[in-house]
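Dear colleague,

Please find the structure below, with the sequence alongside. My notes on one helix and its surroundings follow.

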Amino acid sequence: MKPLKTSVSITIDAPILDRVRYLAEMEDRSLSSYINQVLKAHLKEVNQKEKR
């Protein structure tokens, strides 16, 4: 069973969006999948810092 997903609408600076789209394409991922991956990695890092 796939994880539950929720649709959101956000505003991103154009140069950041261009870069993220490029990186997603380089990893053969959808934009949504790439952003989700990046956010998971960031949250993992934040959680590790909070445990210190």
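In this predicted model, Leu 17, Val 20 and Ala 24 are the buried residues of helix H1. These residues span an arc of only 65° around the axis, which means that they lie on the same side of H1.

As to its dimensions, H1 comprises 13 residues. The distance from its first C-alpha to its last is 18 Å, close to the 18 Å expected at 1.5 Å a residue.

What covers the buried residues of H1? Helix H2 is included in that cover. The axes of H1 (residues 14-26) and H2 (residues 31-50) come within 9 Å and cross at roughly 100°. Because angles of 65 to 115 degrees count as roughly perpendicular, H1 is roughly perpendicular to H2.

Which residues form this contact? From H1, Leu 17, Val 20, Arg 21, Leu 23 and Ala 24 take part, and they meet Leu 31, Tyr 34 and Ile 35 of H2. Sorted by class, the contact between H1 and H2 consists of 7 nonpolar residues, 1 charged residue and no polar ones. Leu 17, Val 20 and Ala 24, named above as buried, are among the H1 residues in this contact.

With kind regards

Technical notes
Residues numbered from 1 in each chain as written. Predicted model: local features only at pLDDT ≥ 70, side-chain atom pairs only at ≥ 80, totals over all residues. Heavy atoms only, no water. Axes fitted to C-alpha atoms, helices over the stretch in contact; angles between N-to-C directions. Helix = DSSP H or I, 4+ residues; strand = E, 2+ residues; numbered from the N terminus. Parallel < 35°, antiparallel > 145°, perpendicular 65-115°, else oblique. Contact = heavy atoms within 4.5 Å. Nonpolar A, V, L, I, M, F, W, Y, C, P; charged D, E, K, R; others polar. Expected span 1.5 Å × (residues − 1). Buried < 20%, exposed > 50% of the residue type's maximum accessible area, 1.4 Å probe, protein only. Arc of directions from axis to C-beta.
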